[in-house]
Amino acid sequence: MTKNKKEVNIETRKGSTMDEWPEPIVRVQSLAERNLSSLPDRYIKPASQRPTTIEEAPAATNIPIIDLEGLFSEDGSPDEAIMAQISEACREWGFFQVLNHGVRPELMDAARENWREFFHLPVNEKETYRNSPKTYEGYGSRLGVEKGAILDWSDYYFLHLLPLHLKDFNKWPSFPPTIREVIDEYGKEVVNLCGRVMKVLSLNLGLKEDEFQDAFGGENIGACLRVNYYPKCPRPELALGLSSHSDPGGMTILLPDDQVFGLQVRKNDMWITVKPHPHAFIVNIGDQIQILSNSAYKSVEHRVIVNSEKERVSLAFFYNPKSDIPIQPLQELVSTHNPPLYPPMTFDQYRLFIRTQGPQGKSHVESHVSPR
C-alpha cells in the first residue's frame with residue numbers, strides 16, 4: 001500500500017529521539033516561589049495569544065450543566081430528556097458539566113487535595129519522578145519538544161492507568177501516604193462514568209449503544225491522568241497556564257479547582273470562563289470522538305488562564321482509544337452525501353503531532369482532514 005505524505009512524516013518523527021527534552025527544564029513552581037516582579041521572557045505569549053486578545057463572554061455565561069440522576073433506568077432504558085441535553089451540549093458546545101455522575105464527592109476532594117499536597121513537597125523530592133518526552137509519565141513542566149518554544153505557566157504530573165501493562169506504581173508518587181490508593185480508586189470510578197457517557201454518545205447518533213466503545217477497543221481502552229499545577233503568576237495578562245488546544249484523545253473528564261476559576265472555552269470567537277459547580281465534573285469531546293462521529297460532535301479549543309493571587313490544581317482524566325486501532329469515521333455515519341472527513345490513523349500516530357509540536361489550537365485535527 002502506498003503511504004501518503006502525512007504517514008511518512010509521522011514515521012520520520014517516530015524514528016527521531018524523544019528520550020530527553022531539548023533544553024534544561026525549569027520548574028514553574030520554583031520561579032513562582034521567587035516572588036518575581038516580572039515574567040521571564042520564555043513565558044510571555046505573543047500578543048495575539050494573550051488572555052485579553054479575544055473578547056470574553058459576559059460573566060454570567062457558562063457551559064451547560066446536566067444532572068445525570070436517572071440517566072439509565074433499572075431496565076437499562078435511557079431518559080430521553082437527559083439524552084437530549086447531552087446531545088445538544090456535544091453538538092453546540094463540545095463541553096458540559098455533569099452532576100450526580102456516580103463518583104463519590106469525598107473521593108473527588110481526596111484526589112485533588114492529595115495532589116495539592118504532592119506539589120507542595122520540596123522540588124528535590126518531586127524531581128525523583130521527573131519525566132521525559134518519550135512517555136510524559138511523571139513530573140513535568142512542558143509539552144512539545146520544540147527548542148526555544150514559548151512555555152506555559154504550569155507544572156504537571158502525568159500517569160497511565162490503562163491498559164494495565166502500562167500502569168506502573170513505581171512511577172506514582174509515594175507521598176502523601178494515601179495518594180496511590182486514592183488515585184487508583186478514583187480512576188476506576190471515572191472509567192465507569194466514561195463508559196456511561198460513551199453509551200449516550202452512540203445512542204444519540206442513532207447507533208447501537210456499544211458502537212463508540214467498540215470502536216475504541218471495547219474494554220481495551222487507554223486511560224491516563226494529567227494533574228495540573230498552576231502557581232501564582234506575576235503577570236497573568238501576559239501568560240497562559242495552558243495554551244489553546246483541543247484534546248487529542250477521546251473524551252476528557254476534568255475535576256476543576258472549584259475555588260479558583262481558570263478554564264476558558266472558545267465559542268463564537270469569545271472566551272467563556274467556566275464556573276465550576278461544586279462536585280461536578282467538566283466533560284469535553286476530544287479529537288478522536290470528532291473523527292469517529294465524522295464531525296457530528298466537535299472537539300473545542302480551550303485554554304487556562306493564571307492568577308496572581310492564588311495557585312490552582314485540576315485533574316484531567318483522558319479516556320482514549322486503544323493506541324494501535326485505526327480511528328476513522330464510523331461507517332453508519334458516512335454516505336455519498338456525507339463522505340468521511342478523516343482518513344484512518346491510530347491514536348499512537350496521532351498523538352505524535354502533540355508530542356512534537358505541543359498545543360496548537362485546533363490545527364492538529366484540522367490538518368488531518370481528508371484531501372478532496
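**Entry 1: helix α3**

The expected span of a helix is 1.5 Å times one less than its number of residues. I wanted that rule before looking at this predicted model.

Which residues of α3 are buried? I noted Ile82, Met83, Ile86, Ser87, Ala89 and Cys90. Looking down the axis of α3, I find these buried residues within an arc of 165°, so they line one face of the helix. I also recalled that an α-helix has 3.6 residues a turn, so residues three or four places apart point the same way. The face of α3 turned away from the buried side carries Glu80 and Glu88, which are exposed.

**Entry 2: helix α4**

I ran the span check again on α4, residues 105-119. This helix has 15 residues and reaches 22 Å from first C-alpha to last, close to the expected 21 Å. I listed its buried residues: Leu107, Met108, Ala111, Arg112, Asn114, Trp115, Arg116, Phe118 and Phe119.

I followed Arg112 to Ser314. Their C-alpha atoms are separated by 6.9 Å, although the two residues are 202 residues apart along the chain. Ser314 sits in strand β12, residues 312-320. Is Ser314 buried or exposed? Buried means under 20% relative accessible area. Ser314 has 2% relative accessibility, so it counts as buried.

**Entry 3**

How many cavities of 30 Å³ or more does the structure hold? I noted three. I took the second largest cavity, with about 40 Å³ of space. Met108 and Arg112 are in its lining, along with Leu255, Pro256, Asp258, His277, Pro278, His279 and Ala280. By class, that lining has five nonpolar, two polar and two charged residues.

Next I went to strand β10, residues 281-285.

I then looked for its partners. Strand β2, residues 95-99, pairs with β10 in the antiparallel sense over four bridges. Within this pairing I found Phe96 bridged to Val283 of β10. Strand β7, residues 251-255, also pairs with β10, antiparallel and over four bridges. There, Thr252 has Asn284 as its bridge partner.

**Entry 3: a hairpin**

I moved on to β8 (residues 263-267) and β9 (residues 270-273), which pair in the antiparallel sense over four bridges. Arg266 stands opposite Trp271 in β9. The hairpin has two residues between the strands, and Asn268 takes a positive phi near 50°.

**Entry 4: the second largest pocket**

I finished with the second largest pocket, which has about 370 Å³ of space. I counted 22 lining residues, with His160, Pro163, Leu166, Ser323 and Arg351 nearest the centre. β4 (155-162), β5 (222-230) and α9 (347-357) each supply at least two residues of the lining. Which of them gives the most? I noted α9, with four residues. By class, the pocket lining has eight nonpolar, seven polar and seven charged residues.

How values were computed: Residues are numbered from 1 along each chain as its sequence is written. This is a predicted model: local features need pLDDT of at least 70, side-chain atom pairs count only at pLDDT 80 or more; totals for chains, interfaces and linings use all residues. Side-chain values use heavy atoms; hydrogens and water are left out. Two strands pair if DSSP finds at least two bridges between them. Buried means under 20% relative accessible area, exposed over 50%, partly exposed in between (1.4 Å probe, protein chains only). On a 1 Å grid over the protein atoms alone, a cavity is a set of points where a 1.4 Å probe fits but cannot get out, and a pocket is an open set with protein on both sides within 12 Å along at least five of seven lines; lining residues have an atom within 4 Å of a point. Grid points are joined across faces, edges and corners, and a volume is the space filled by probe spheres set on the points. Ala, Val, Leu, Ile, Met, Phe, Trp, Tyr, Cys and Pro count as nonpolar, Asp, Glu, Lys and Arg as charged, and the others, Gly among them, as polar. The arc is that of the directions from the helix axis to the C-beta atoms.
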